[in-house]
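Please look through the sequence and the model shown below before reading on.

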Amino acid sequence: RTPRSTSVPPTPPYLHTGTTKPTQIVFSHLRWDFLHQRPQHLLSRLARKWKVVFVEEPVHTDGPAALEQSTPADNILVVRPHTPARVAGFHDDQVAHLQPLIARFLRAAKIDDYFIWFYTPMALPLLGELNPRAVIYDCMDELAAFKDAPRQMTQRESALLKCADLVLTGGPSLYEHKRQSNGNVHCFPSAVDRAHFSSAAPLPENVAKGRPPVFGFFGVIDERLDIALIDALALAHPEWRIVMLGPVVKIDPAVLPRRPNLEWLGQQPYASLPIRPDDRAGWANGMYA
């Protein structure tokens, strides 16, 4: 994929208005348009009072380094760096390309008062050229335990925990693991988006009557999922319907078990997950469990 231009594009107008609104610069290993999950939930709410600049991992380009920009929501600017480096993620080889791109962007956007929010410790070297008001680390997962995690992950996280002004953890176990490494760690568990899913409506009685029990999962399907347990559950209860929604990443889709009552429906739009009263087609084809 190539960037829209070979230089820093014009800054969206909203970044020049309401100058009293603080800016949150976020470095994330997740892309904004991937799954709608914790970063989108929290940052969309922060954007009601803050400006959010969401910096994704870079992608390769054969041309000069550049920033691709998009505005998926009010007060949220997504920045996707394109660099000639052929390494994935916030690799050390990316730093020499990213630092001048980010510096030029901040000057063009007239951003000189900001906070830095990390979702990945791998972006920590970029902090060296920045002067934030404070540093926040939102530890949503034990990233060092992921398949193919960068070898520097543990070291980088230790350094980030030492310098962060605030650390949030996505659950109690993460809190227990991190609370001794920083004096300001808070358990801030991930949760269901109540407003979004409260729009769900029960199946009409005449549709629901006689249907088998349905069990569902939505989220990333990767090495963390106990696939053998899912298979055993489907085998032990053929009268149940088990529906799995989400992208398959870092594992071969061929290893997913196949049973008559086990469905792998892939990634679905976040907006379509609740059952809506007017969504008869969804009920009919069984897409929403």
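Helices (DSSP runs of H or I, at least four residues) and strands (DSSP runs of E, at least two residues) are numbered from the N terminus. By that count, the protein chain has 8 helices and 12 strands. The model is a predicted one, in which local features need pLDDT of at least 70 and side-chain atom pairs count only at pLDDT 80 or more, while totals for chains, interfaces and linings use all residues. Residues are numbered from 1 along each chain as its sequence is written, and side-chain values use heavy atoms, with hydrogens and water left out.

A residue is called buried under 20% relative accessible area, exposed over 50% and partly exposed in between, with a 1.4 Å probe and protein chains only. Buried residues make up 47% of the 289 residues in the protein chain. The accessible area, computed by the Shrake-Rupley method with a 1.4 Å probe, comes to about 15100 Å² for the protein chain, and carbon and sulfur atoms supply 55% of it. If contact is taken as heavy atoms within 4.5 Å, then among the contacts between residues at least 6 apart in sequence, 64% join residues at least 24 apart.

Where do the residues of the interior gather? In soluble globular proteins, nonpolar side chains tend to be buried together. A nonpolar core here is a set of buried Ala, Val, Leu, Ile, Met, Phe, Trp, Tyr and Cys residues joined through side-chain atoms within 4.5 Å. The largest such core has 37 residues, and those with the most contacts inside it are Phe27, Phe105 and Phe118. The elements that give it two or more residues are β1, β2 (51-55), β5, α2 (92-109), β6, β7 (135-139) and α3 (153-163), and the largest share, 7 residues, comes from α2. Apart from this core lies another, of 18 residues, among them Leu30, Val78, Trp117 and Tyr119.

Rings of Phe, Tyr and Trp (its six-membered ring) pair if their centres lie within 6.5 Å, and planes under 30 degrees apart count as stacked, over 60 as edge-to-face and the rest as tilted. A search of the whole structure finds 8 aromatic pairs. One of them joins Phe27 and Phe118, which are stacked at 5.7 Å centre to centre with 25° between the planes. This pair links distant parts of the chain, since Phe27 belongs to strand β1 (residues 23-27) and Phe118 to strand β6 (residues 114-118), 91 residues apart. Both Phe27 and Phe118 are buried. Trp117 and Tyr119 make a tilted pair, with 6.1 Å centre to centre and 45° between the planes; Trp117 is buried at a relative accessible area of 7%, and Tyr119 is buried at 1%. Phe27, Phe90 and Phe118 form one aromatic cluster. Leaving aside neighbours within four places in sequence, the contacts of Phe27 include Val55, Phe90, Ile102, Trp117, Phe118 and Leu130.

Two strands are said to pair if DSSP finds at least two bridges between them. Strand β4 (residues 66-73) and strand β5 (residues 76-83) pair in the antiparallel sense over 6 bridges, and Leu67 has Pro81 in β5 as its bridge partner. The two strands form a hairpin with 2 residues between them, and Asn75 in the turn has a positive phi of about 65°. Strand β5 also holds Leu77, which counts as buried at 0% relative accessibility. The C-alpha atoms of Leu77 and Val53, 24 residues apart along the chain, are separated by 4.9 Å.

Strand β11 (residues 241-245) is joined to β12 by 4 bridges, and the bridge partner of Leu245 in β12 is Gly266.

The loop between β11 and β12 contains Lys250, which is partly exposed, with a relative accessible area of 34%. Leaving aside neighbours within four places in sequence, Lys250 is in contact with Phe146, Lys147 and Glu223.
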